[in-house]
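Hi,

Here is the structure I said I would pass on.

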Amino acid sequence: MVDVDGRGSLQTESAAPTLDGGLPMSARQEQFSLAFIRMVAAAAGCSIKGHETDYDGVDITIVASAEYARYYCPEFEMQLKCTTQSRLLQADHLAWSLKRDRFLKLVSPKRFTPALLGVLLVPEDPDQLLDLSEAGLTTSSRMYWEHAKKLGGIEDGKASKTVHLPRSNLFDVGSLQGIMQVIGEGGQW
């Protein structure tokens, strides 16, 4: 570490422990999930529209700038969640609990734009979120998704609903391009 003494000359000090930025883990998870989505979308040739609030039960809109059989520039909205709870990952799905009001907004049959739920599973140790070296950028984080129309309903009086996101629905470049193709060709879930 280099420091300037009172006379303006450089002084070398012994390395002090590096402090992180101090962001609470919940805020780190939110930022990491947004960054994860942005990287996948960019690699797939798509762009992101941000929302100033998530009042409508979604965080972002993902847009393709391509012409498909039926639509030009298809898009969908996405509710993002992030967790370190690896116990939620089962043999064939990731289980996630949504509060009633959020669930009802996400699955509303009156929703104009298709909506998806995406849950990013990240390592518990913040130092393990990603590895950056000259070899590249890697992360053991992965996102599972499901179309809101496939999440079912919620029983009267229930405060929340646990939904199952199939492990086969890994949110990656290929799946994002496939989602856009289904929407762009006028397909239904």
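Below is what turned up when I went through the structure.

First, a caution: this is a predicted model. The chain's average pLDDT is 90, and 90% of the residues reach at least 70.

Now the overall layout. You'll find 3 helices and 11 strands in the chain, arranged along the sequence as β-β-α-β-β-β-β-α-β-β-β-β-β-α.

The part to look at is an open sheet of 5 strands, in the order S3-S4-S5-S7-S10 and with mixed pairing. S3 (46–50) and S10 (142–147) are its edge strands; each has a single partner, so one side of each has no neighbour in the sheet. From one strand to the next, the twist averages 30 degrees.

At the S3 end, S3 pairs with S4 (residues 60–64) in the antiparallel sense, over 5 bridges. Helix H1 (residues 25–43) lies across S3, S4, S5 (75–83), S7 (115–121) and S10, and runs at about 140 degrees to S5.

A few totals to finish. Of the 189 residues in the chain, 38% are buried. Taking contacts between residues at least 6 apart in sequence, 64% join residues at least 24 apart. The accessible surface is about 11600 Å², with 50% of that belonging to carbon and sulfur atoms.

Cheers

Key. Residues are numbered from 1 along each chain as its sequence is written. This is a predicted model: local features need pLDDT of at least 70, side-chain atom pairs count only at pLDDT 80 or more; totals for chains, interfaces and linings use all residues. Side-chain values use heavy atoms; hydrogens and water are left out. pLDDT is the predictor's confidence in each residue, from 0 to 100. Two strands pair if DSSP finds at least two bridges between them. Helices (H or I, at least four residues) and strands (E, at least two) are DSSP runs, numbered from the N terminus. Axes are lines fitted to C-alpha atoms, for helices over the stretch in contact, and angles run from 0 to 180 degrees between N-to-C directions. Contact means heavy atoms within 4.5 Å. Buried means under 20% relative accessible area, exposed over 50%, partly exposed in between (1.4 Å probe, protein chains only). Accessible areas come from the Shrake-Rupley method with a 1.4 Å probe; for residues, only the protein chains shown count as cover.
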